[in-house]
Amino acid sequence: MLNLECQVDILINNQEVLAQNYAEIHDPGKLTDVVGRVAVGTAEDVDKAVQAAHNAFLDWRKTNSKERIEKITAAVKVVQDSMGDLVPLLVREHGGMLWEAQTDFGIGMATLEYYAGIGENFVKTEFIEDDSSWVSIEKKAKGVIGAIVPWNMPVCLTMMKVGPALVTGNTMVIKPSPTAPLAISILLKRIAAILPDGVINVVHGDAGVGVALTRHPLVKKIAFTGGTETGAQVNSNAASFFKAVTLELGGNDPAIILDDVNPADIIPKLLKGVYTRSGQICFAVKRIYVQEKMLDKFFNTMCDIVNEYKVGHGLAEGASFGPLNNNKQYNLVKAMIENTKNSGAVVRELGSKLNPEGWDNGYFLLPHVVKDEDHLSQIVSCEQFGPIIPIIPYKTVEQAIEYANETEYGLCSSVWSSDIQRALAIGQQIEAGSTFINNHSFESLSLGMPFGGVKNSGMGRELAGEPTLSAYIDYHTMRYLK
Ligand code: NAD
């Protein structure tokens with residue numbers, strides 16, 4: 001059934017620009033439904049958008065911070081007012097649950113509010129004066145910021161760039177993901193409309209448009225969220241033009257379970273970090289390390305709970321989680337499940353199909369729990385980004401820490417224990433941007449707490465105050481001697 005709802009175009013200077021080609025966006029939970037169409041942009045569109053953003057920058061940078069903060073505060077209201085029509089649209093294009101899409105908007109709004117709150121204090125010029133000299137330290141906007149975002153949480157991941165970029169006086173060209181471009185683009189069009197022309201511009205497309213943006217000489221910084229491989233390309237393209245970069249990349253988060261917990265008490269909370277968004281979250285729990293004496297009890301308890309899950313469309317009542325977002329990810333995770341079954345690990349396929357008739361019309365996968373003795377197997381080492389989780393036994397806490405760190409990734413991590421001091425001491429030894437104690441889900445995030453990775457999980461931090469904002473400005477100092 002064709003159910004075309006919307007079309008999103010390229011947005012330059014607050015004008016919609018028609019493209020030569022459009023791509024259909026299908027509902028990943030009902031593939032026969034077309035949710036909308038998205039413009040396929042070109043390098044030429046990128047150039048026009050960057051020029052528009054650059055021209056807008058020449059005035060926008062002169063506005064005072066109060067004026068910019070008023071606009072960002074007005075944008076919070078735009079996000080809030082847009083939830084009614086755009087939350088269901090987001091669910092239909094990216095495959096999440098209704099509450100997950102609401103969370104995406106909620107974090108997006110809170111992020112804008114946060115930067116509106118701290119921006120003025122950050123941007124004000126500092127003066128240092130003593131008997132011999134006078135110094136001023138000014139924080140100047142960089143210029144055009146290129147923001148490239150993925151499909152899994154498009155609203156909040158975009159607002160994590162819009163907030164700090166605008167409050168510091170920059171303008172933007174934003175490239176949404178080609179597999180969830182609709183809701184975020186409509187939202188950006190509404191936000192752009194309350195800003196001067198050219199402050200926010202949007203160009204659609206995939207790698208070609210991303211490369212054109214990262215290599216454009218007038219783009220002064222790239223704020224990127226996406227996979228590690230793509231991040232490496234973004235980094236090397238941006239480096240040839242000496243652009244600043246913030247890279248929020250993939251993760252393979254470990255959760256270390258100490259032997260002093262009761263599995264039945266912690267597993268429901270732990271699972272919030274495992275199957276939410278069908279496991280397609282950068283900081284989802286992707287490996288669980290359990291003391292070997294507790295392994296079977298832990299595994300069986302977890303299987304019993306996961307077996308109650310129902311997988312279905314994000315708008316269907318009673319679904320625990322939804323389909324994968326796209327065909328590539330669906331095939332990748334399916335192949336990984338087969339490979340894990342053939343590896344000799346114990347693989348349990350659990351849960352049930354909410355709507356068995358519609359199952360083959362979506363990228364649905366049931367939840368899988370794996371008991372894996374091999375701490376270096378594929379399912380343990382990679383970022384699976386799907387509803388499958390390995391549980392690996394360890395003998396000593398030292399070994400658990402070693403296992404947690406034997407990865408190219410270092411985004412988030414967690415330690416679960418009834419003894420907070422013991423958990424904190426272990427957390428300090430984990431190579432990651434964040435370690436959460438007895439939690440590891442959306443509720444672990446806190447505004448002002450720097451979010452980002454070490455190793456191949458990224459460079460720079462979002463959601464923070466000074467560590468984030470300073471990446472959107474250049475310092476300019478002046479000094480005279482008395
Ligand atoms: P992806 O890397 O395939 O795409 C991300 C964005 O980059 C998309 O807009 C895409 O069109 C664009 N792109 C692709 N090739 C490009 C190139 N050569 N140059 C510039 N841009 C290019 O990632 P995805 O599949 O959309 O998202 C999933 C990945 O994102 C996972 O690895 C996940 O862990 C990661 N992620 C990280 C965070 C974080 O905060 N660390 C948050 C969410 C998602």
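Thr158 has its place in helix α4, where helices are DSSP runs of H or I with at least four residues, strands are runs of E with at least two, and both are numbered from the N terminus. The model is a predicted one, in which local features need pLDDT of at least 70 and side-chain atom pairs count only at pLDDT 80 or more, while totals for chains, interfaces and linings use all residues. Residues are numbered from 1 along each chain as its sequence is written, and side-chain values use heavy atoms, with hydrogens and water left out.

With a relative accessibility of 1%, Thr158 counts as buried; buried means under 20% relative accessible area, exposed over 50%, and partly exposed in between, with a 1.4 Å probe and protein chains only. Leaving aside residues up to four places away in sequence, Thr158 touches Val149, Ile174, Ile184 and Leu188, contact meaning heavy atoms within 4.5 Å.

The helix that holds Thr158 also packs against another helix: the axes of α3 (residues 98-123) and α4 (residues 154-167) come within 8 Å and cross at roughly 15 degrees. That angle makes α3 roughly parallel to α4, given that angles under 35 degrees count as roughly parallel, over 145 as roughly antiparallel, 65 to 115 as roughly perpendicular and the rest as oblique. Axes here are lines fitted to C-alpha atoms, for helices over the stretch in contact, and angles run from 0 to 180 degrees between N-to-C directions. Among the residues that make the contact are Phe105, Ile107 and Tyr115 of α3, together with Val155, Met159 and Val167 of α4. The residues of this contact divide into 13 nonpolar, four polar and one charged, where Ala, Val, Leu, Ile, Met, Phe, Trp, Tyr, Cys and Pro count as nonpolar, Asp, Glu, Lys and Arg as charged, and the others, Gly among them, as polar.

Helix α3 also carries Glu100, which is buried, with a relative accessible area of 1%. Not counting residues up to four places away in sequence, Glu100 touches Met153, Thr276 and Arg277. The C-alpha atoms of Glu100 and Phe442 are separated by 9.7 Å, although the two residues are 342 apart along the chain.

Arg277, one of the residues that Glu100 touches, lies in the loop between α8 (263-271) and β14 and is buried, at 0% relative accessible area. Most residues other than glycine have a negative phi. Arg277, however, has a positive phi of about 55 degrees, and Phe385, in the loop between α11 (378-381) and β19 (388-394), has a positive phi of about 50 degrees.

Turning to the rings, a search of the whole structure finds 14 aromatic pairs, in which rings of Phe, Tyr and Trp (its six-membered ring) have centres within 6.5 Å, with planes under 30 degrees apart counting as stacked, over 60 as edge-to-face and the rest as tilted. The rings of Trp134 and Tyr480 have their centres 5.2 Å apart and their planes at 15 degrees, so this pair is stacked; the pair links strand β7 (residues 133-141) with strand β23 (residues 473-481), its members being 346 residues apart. Tyr289 and Tyr403 form a tilted pair, with 5.8 Å from centre to centre and 45 degrees between the planes. Trp99, Phe283, Phe436, Phe442 and Phe451 form one aromatic cluster.
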